[in-house]
Amino acid sequence: MPWLTIALLILPIAGGLAGVVAPAFGWLPALGGNALGLSHWQALFNAPGLMTMIRLSLVTGLASALAALIIVMLFIGAFLHSRWFERVRRLLSPLLAVPHAAAAIGLAFLLAPSGLASRLVSPWLSGWQYPPDYLFPGDDMGLALILGLVIKEVPFLLLMSLAALPQCQAQERLALARSLGYAPLAAFFKAVLPGLYPLIRLPIYAVIAFASANVDVALILGPSTPPTLAVAVVRWLHDPDLAMRFMASAAALTQLGVTLAALGLWWLGESLVRRLSRGRLIDGRRQLAEGSLAILGGALTGLTILLLLASLIGLMLWSLAAYWPFPQVWPRPLTALNWWRALPGAWHALLDSALIAFAATFASLMLVVGCLEVETQRRIPMRPWAQVVLYLPLLVPPVAFLFGLVQLQVQLGIDTALPAVIFGHLLFVLPYVFLSLAESYRRLDPRWEQMAASLGRGPAAIFWRVRLPMLTVPIMIAGAVGMAVSVGQYLPTLLLGAGRVTTLTLEAVSLASGSDRRIAAVYALLQLLLPALGFALALGLPRLLLRRRRGLLTH
């Protein structure tokens, strides 16, 4: 099972990258490319705004990851073991369930000149009788895009940090530092963070790779002339002039280089910080502006959550608005007509989204549980190289290898859009399912297994009758996370579906650039339906199935 999983993760990415290299250098016989050359690279370098596209991709990727990491570290350092921390922890699953596109559409509706935020202060505080004149979303510097990425990456990095804290013995490190007189933040940054950061390095790299090459959030919040490089690649790929696919291949490889450059810059930054902070870790200072940094960490985390929640409220209001002129704060009258107008058209997309999400999540759960069970029985922890393989689909820009897969799909004459989309979703769902489930699986007390073995049960019986029932809740939650990840996938559906598979995310991103905010809000909210249903089942179904064995729910 582990080797099957590794092959499923490596082969499509390697094949996809190989499928994009040849067209980039002019070789694609199906489109008349029979000679190798650099003419398509020259065309790419002459494309208007190329350097701006590269700069946007690089800056937004690094800035959003850095901002999200600072917010998460300040919050954990200041509020670990507090009531606020527990409250934010409970919100993590609902926040993670919000798809990137839905959050981006909600943020755009919230902070646009005529958005909910402007209405709340108009005209009584701002004096605005008409929408103010500023550009959001779509500003040239990509600030809206960075903000949209940050509000989604903070919950993810917080979840990854929570999973890593026990592994680096954060409790013991913190207690030791506090016993030596260090204030909470100083104790965290000097005693815990040096052990925590190596454990969350790969998730941070995944965040950088996603942010520097994402398409759906950039289409909604990013600038359009010129856009980020990943958006430009998709536009060139869908250009009616098929010859543009050669240049799109070259641009896809350039996107790979941009993401690698972003990761390289981050790595250099890590080395610099490590060198500069070496002396500070042992300088004996027991306080680090505790009050100011704690307020900053709490305020930034609260603002992130508030923006995400307010975005969802704005979406709900727009989906129910019949008439909502500026600066009216509340739409009057409220109506369900928008939902009735949208639902007949959304029904097909909803069914496709559900089918794809269920299939990709179910297959991922089978593979992940198989891998973890093999690891448990062999008592061999995961090797470092296997962790890199696990993160491979998240580290390689999707626009690079998915585009190559499309080329291979066409050349091989594979005409199976739906299975191809399901497989494309699986590539991204599987790592998240593994990350969600691995910690619970590995931390299950081995004495239960030893007790069952002493009663004469074999490995298969122990798996089915002991380990699996005790892990029902974590498995269901990992499945819910997988459903949420699948529903939010935009690029695999767009490229591998070839226009024949329609999902809610695809429709929502398309509608976000239109003029009808009401229908766009309905589709964005429908995106939340499947993840919400998944998390509701994950929390409720085990209680129903195990109602006569409630003791299992506490493990």
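1. Start with Arg 201. Its relative accessibility is 25%, so Arg 201 counts as partly exposed. The model is a predicted one. Arg 201 forms a salt bridge with Glu 270, at 3.3 Å from N to O. This pair links distant parts of the chain: Arg 201 belongs to helix 9 (residues 184-213) and Glu 270 to helix 12 (residues 244-281), 69 residues apart. Glu 270 has 9% relative accessibility and therefore counts as buried.

2. A second bridge joins Asp 516 and Arg 341, whose closest N and O atoms are 3.6 Å apart. Asp 516 sits in the loop between helix 22 (504-512) and helix 23, while Arg 341 is in helix 14 (residues 337-378), so the bridge ties together parts 175 residues apart in sequence. Both ends are partly exposed: Asp 516 has a relative accessible area of 27%, and Arg 341 stands at 47%.

3. Which residue meets Arg 89 in a salt bridge? The partner is Glu 86, at 3.9 Å from N to O. Arg 89 is partly exposed at 42%. Glu 86 is partly exposed too, at 36%. The salt bridge count for the structure is six.

4. Now the aromatics. The structure holds eleven aromatic pairs. One of them is Phe 188 with Phe 189, an edge-to-face pair with 5.4 Å between centres and 80 degrees between planes. Both Phe 188 and Phe 189 are buried. Elsewhere, Phe 25, Trp 41 and Phe 45 make up one aromatic cluster.

5. Phe 25 also contributes to a nonpolar surface patch of about 490 Å², together with Val 21, Trp 27, Leu 36 and Leu 38. Trp 27 lies in strand 1 (residues 27-28). Its relative accessible area is 39%, which makes Trp 27 partly exposed.

6. Is helix 20 largely enclosed or open? Of its 16 residues, 13 are buried, so the rest of the structure largely encloses helix 20. Helix 20 covers residues 472-487 and reaches 22 Å from first C-alpha to last, close to the 22 Å expected at 1.5 Å a residue.

7. Leu 539 is part of helix 23 (residues 517-545). With a relative accessible area of 56%, Leu 539 is exposed. Its C-alpha is 15 Å from that of Leu 529, ten residues away along the chain.

8. On confidence: the mean pLDDT is 87, and 98% of residues reach 70 or more. Confidence is lowest in strand 2 (residues 33-34), at a mean of 78, and highest in helix 3 (residues 50-79), at 94.

Terms used: Residues are numbered from 1 along each chain as its sequence is written. This is a predicted model: local features need pLDDT of at least 70, side-chain atom pairs count only at pLDDT 80 or more; totals for chains, interfaces and linings use all residues. Side-chain values use heavy atoms; hydrogens and water are left out. Helices (H or I, at least four residues) and strands (E, at least two) are DSSP runs, numbered from the N terminus. The expected span of a helix is 1.5 Å times one less than its number of residues. Buried means under 20% relative accessible area, exposed over 50%, partly exposed in between (1.4 Å probe, protein chains only). pLDDT is the predictor's confidence in each residue, from 0 to 100. Patches are made of residues with over 30% relative accessible area and no salt bridge: like charges are joined within 9 Å, nonpolar side chains (Val, Leu, Ile, Met, Phe, Trp, Tyr) within 5 Å. Accessible areas come from the Shrake-Rupley method with a 1.4 Å probe; for residues, only the protein chains shown count as cover. A salt bridge is a side-chain nitrogen of Lys or Arg within 4 Å of a carboxyl oxygen of Asp or Glu. Rings of Phe, Tyr and Trp (its six-membered ring) pair if their centres lie within 6.5 Å; planes under 30 degrees apart count as stacked, over 60 as edge-to-face and the rest as tilted.
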